[in-house]
Amino acid sequence: MNPHRKKKISSLANFLASDFLDGRIVNLQNIAAYEELPLHYDHYEDTFDGMLVYVNSTFHIHINIDKGNTATSKRGRFTLAHELGHYLIDEHRIALKYGMITPHQSKNGLLNKDLIELEADYFASTLLMPEIPFREICARKNFSFQLLEDISNTFQVSIMAAILRFIEVGSREFMVVVSKNKMVRWYAKSNDFQKVSFKFNVTSSLPKDSMSYSFTNVMDRDYLSNIEEVDTEIWFFQGFYGSTVFEQYYYSEINGYLITLLWFK
Ligand SMILES: [Zn+2]
């Protein structure tokens, strides 16, 4: 996404959020009502999370309850915010209305996203976690998973959504590595993270000496590790940072992912 596009989408979302905030939670249902957009929460089995369609001169949003999307669930809130993005971003709505794009089934997730999905995700992320309240929550707090949980609960978004937003506007250099069965699936770093080479890549194993690698999921329950100070060299080739790095991980029983956070003092 180019910076100009990003700026346009974030001003739209920040502006809208300021009009529909209940405390720190954006009231998405009120936005849909204000736009006179019918919402259909229904059972669509294992298909999409949400979908915006244009029929008989009216836009409708369909939300799939079968994938855990309800009006109040964290997943459901992200899905609705994403679909509102498709409607409120002019280019998406117009393209859909005139058949330049076909209604597509939006799915939550990190991988294989095309540009319009990235734009709707970015809109959703900004709408749910507007910049000013987000910065207030983060101000003067130590970084750790606890802070991300605070963000997740304050704004009623998933941990992953909180992490992605933190990468965008957070004031902390950190890295996140998402793995499943010890294999790296995805990673990202904050913009200001130094250029160091990693001892892993997507589809490789986690570094074998890492705390995350040694985690075994016996109980298949959500699990949060302690914060450990570990050798930088476990994760990175020699860089400009100190000789130790903090590592903390969280196992999510919902999708079996291990989310590892790495950050320097
Ligand atoms: Zn979408």
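Some housekeeping: residue numbers start from 1 along each chain as its sequence is written. Since the model is predicted, local features need pLDDT of at least 70 and side-chain atom pairs count only at pLDDT 80 or more, while totals for chains, interfaces and linings use all residues.

The domain assignment, which is automatic or from a database, gives domain 1 (3–131) and domain 2 (173–263). Their C-alpha centres lie 31 Å apart.

Let's begin with the helices. Helix H1 (residues 3–19) packs against helix H5 (residues 115–128) at about 35 degrees, and their axes are 8 Å apart. Those axes are lines fitted to C-alpha atoms over the stretch in contact, with angles from 0 to 180 degrees between N-to-C directions.

Which residues of H1 meet H5? They are Lys6, Ile9, Ser10, Ala13, Asn14, Leu16 and Ala17, and on the H5 side you'll find Glu119, Tyr122, Phe123, Thr126 and Leu127. Contact means C-beta atoms, placed from the backbone, within 7 Å.

Is Met1 buried or exposed? Met1 counts as exposed because it has 11 C-beta neighbours inside 10 Å; the cut-offs are 12 or fewer for exposed, 20 or more for buried, and partly exposed in between, with C-beta atoms placed from the backbone. Even so, leaving aside neighbours within four places in sequence, Met1 touches Lys6, Leu115, Leu118, Glu119 and Tyr122. The C-alpha atoms of Met1 and Leu115 are 7.1 Å from each other, with the two residues 114 apart along the chain.

Now over to strand E11 (residues 257–263). Five of its seven residues are buried, so E11 is largely enclosed by the rest of the structure. Strands pair if DSSP finds at least two bridges between them. With strand E6 (residues 174–180), E11 pairs in the antiparallel sense over six bridges, and Val176 has Leu261 in E11 as its bridge partner.

Strand E10 (residues 244–252) also runs antiparallel to E11, joined by seven bridges. What stands opposite Trp263 of E11? That's Phe246. E10 and E11 form a hairpin with four residues between them, and Gly256 in the turn has a positive phi of about 70 degrees.

Conventions
Helix = DSSP H or I, 4+ residues; strand = E, 2+ residues; numbered from the N terminus. Contact = placed C-beta atoms within 7 Å.
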